[in-house]
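Here are my notes on this model, written for reading beside the structure. They go sheet by sheet, then turn to the helices.

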Amino acid sequence: MKYYSGIDLGGTKIYAIVIDETGKVLGRYKIKTEGENDADKLAVKIADCYLESLKLSGIAEKDITALGLAVPSSVNVDLGILKYAPNLGMKNVEFLKILKRKINKPMFMDNDVNMGIFGEYSLGSARKYKHVYGLFVGTGIGGGYILDGKVIRGVSYTAGEIGHMIVKIGGPMCNCGKSGCLEAIAGKVGIINYIKKQVEKKGKKTALSDISPDWRKTVGSSALRKCYEMEDEVVVKAINKAAKTIGIACANLVDVVGVEAIVLGGGLIEEMGEVFTPMVEENMKSYSIADGANGVALIKAELGDDAVALGAAWFTSLEENKNYLK
Ligand SMILES: [Zn+2]
């Protein structure tokens with residue numbers, strides 16, 4: 001039996017898993033990081049997390065065949081270069097080279113959302129499909145695209161970034177520097193900005209102030225769900241607008257690339273999927289051309305926190321991806 005490691009590097013955490021060659025997860029380990037943006041220090045932490053995950057799995061380090069790393073960045077997968085990760089404060093870093101000094105294994109690195117959807121496509125809710133788009137709604141909105149079983153990355157490794165598709169010209173400012181991006185309207189950051197505007201400029205009241213007093217800075221998806229269930233007018237409007245906009249983005253997707261299935265995932269969908277999905281579906285169908293979205297399955301991601309690390313480990317384990325290993 002062969003064994004593989006998958007590591008999901010986020011802005012504030014490192015999550016490592018170990019799988020066997022059948023895709024079975026043998027162990028997981030997670031550590032928090034505090035805005036670490038020094039590549040060497042980060043590599044040390046990744047190596048610690050990796051070793052702990054091995055201990056918990058009962059697998060010796062020498063028995064790991066290869067390691068897949070997923071990062072919040074566009075990635076030059078051919079050269080192992082992390083291109084731009086604002087959450088890690090890194091730009092054009094040969095990160096695999098640095099990590100290799102700490103973990104001497106064949107490695108592969110890709111964008112986290114690409115690996116998350118690859119996980120769902122290979123081992124999760126999209127197993128039945130070949131042509132799949134993954135749309136993950138959390139603080140921001142990430143996307144990843146699989147065509148005939150291949151991850152599509154584009155010539156500059158930026159394909160799939162649906163969160164930065166402009167859905168409203170002159171719309172709200174996005175963290176990326178553009179305005180009117182899907183994420184700036186329908187990601188949690190966009191939802192909160194909309195609520196802020198209603199409260200501060202229009203004098204509206206929201207129960208969010210009681211449930212989550214710090215909501216302007218940070219708010220959990222569960223607080224939004226509670227307010228939605230209480231029929232808080234401002235929150236209901238904000239969520240409905242977000243779901244409608246995501247539905248329209250899905251219609252655009254179907255019109256342009258014609259996927260078989262769209263996987264919806266991320267914190268907001270995990271918490272409020274039953275609210276979002278019907279509205280996304282209704283709008284996807286009514287805004288796509290010539291009933292194009294009628295046969296498109298809208299499915300919920302099922303791998304949760306494992307998706308990204310599992311996708312990275314599984315991608316790395318496949319014979320057909322051997323050439324990517326560094
Ligand atoms: Zn943007």
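**Notes on the predicted model**

1. Start with a hairpin: β9 and β10 form one, with three residues between the two strands. The model is a predicted one. Strand β9 covers residues 132–137, and strand β10 covers residues 141–147. The two pair in the antiparallel sense, over six bridges. Within this pairing, Gly-134 stands opposite Gly-144 of β10.

2. Is β9 mostly covered or mostly open? Mostly covered: six of its six residues are buried. Val-132, Gly-134 and Phe-136 point one way from the strand. Tyr-133, Leu-135 and Val-137 point the other way, and these too are buried.

3. Strand β12 (residues 261–265) pairs with β9 in the parallel sense, over five bridges. Val-132 stands opposite Ala-261 of β12. Strand β12 also runs parallel to β13, and four bridges join these two. Here Ile-262 has Leu-298 of β13 as its bridge partner.

4. In what order do the five strands of this open sheet lie? The order is β11-β10-β9-β12-β13, with mixed pairing. The edge strands are β11 (150–151) and β13 (297–300), and each pairs on one side only.

5. Two helices lie across this sheet. Helix α3 (residues 112–123) lies across β9, β10, β11 and β12, and runs at about 55° to β10. Helix α9 (residues 267–287) lies across β9, β12 and β13, and runs at about 175° to β13.

6. Helix α9 also packs with α8, at an angle of about 45° and with the axes 7 Å apart. The two helices are therefore oblique to each other. The crossing of α8 past α9 is right-handed. Residues in the contact include Ile-239, Ala-243, Ile-246 and Val-254 of α8, and Val-275, Phe-276, Met-279 and Tyr-287 of α9. By class, the contact of α8 with α9 has 13 nonpolar, three polar and three charged residues.

7. Helix α8 (residues 233–257) has a further packing partner in helix α7 (residues 221–229). Their angle is about 115°, and their axes are 8 Å apart. That makes α7 roughly perpendicular to α8. The crossing of α7 past α8 is left-handed. Leu-224, Cys-227 and Tyr-228 of α7 meet Val-235, Val-236 and Ile-239 of α8. Which classes of residue make up the contact of α7 with α8? Six are nonpolar, with no polar and no charged residues.

8. There is also an open sheet of five strands in the order β3-β2-β1-β4-β8, with mixed pairing. Its edge strands are β3 (25–32) and β8 (107–111), each pairing on one side only. The twist averages 15° from one strand to the next. Strand β4 (residues 64–71) pairs with β8 in the parallel sense, over five bridges. Leu-69 stands opposite Met-109 of β8.

9. Helices pack on this sheet as well. Helix α1 (residues 39–57) touches β1 (3–9), β2 (13–20) and β3, and its direction makes about 145° with that of β3. Helix α10 (residues 307–317) touches β1, β2, β3, β4 and β8, and its direction makes about 140° with that of β1.

Conventions
Residues are numbered from 1 along each chain as its sequence is written. This is a predicted model: local features need pLDDT of at least 70, side-chain atom pairs count only at pLDDT 80 or more; totals for chains, interfaces and linings use all residues. Axes are lines fitted to C-alpha atoms, for helices over the stretch in contact, and angles run from 0 to 180 degrees between N-to-C directions. Angles under 35 degrees count as roughly parallel, over 145 as roughly antiparallel, 65 to 115 as roughly perpendicular and the rest as oblique. A crossing is left-handed if the near helix is turned anticlockwise from the far one by less than a right angle, and right-handed if clockwise. Two residues are in contact if their C-beta atoms, placed from the backbone, lie within 7 Å. Ala, Val, Leu, Ile, Met, Phe, Trp, Tyr, Cys and Pro count as nonpolar, Asp, Glu, Lys and Arg as charged, and the others, Gly among them, as polar. A residue is buried if 20 or more other C-beta atoms lie within 10 Å of its own, exposed if 12 or fewer, and partly exposed in between; C-beta atoms are placed from the backbone. Two strands pair if DSSP finds at least two bridges between them.
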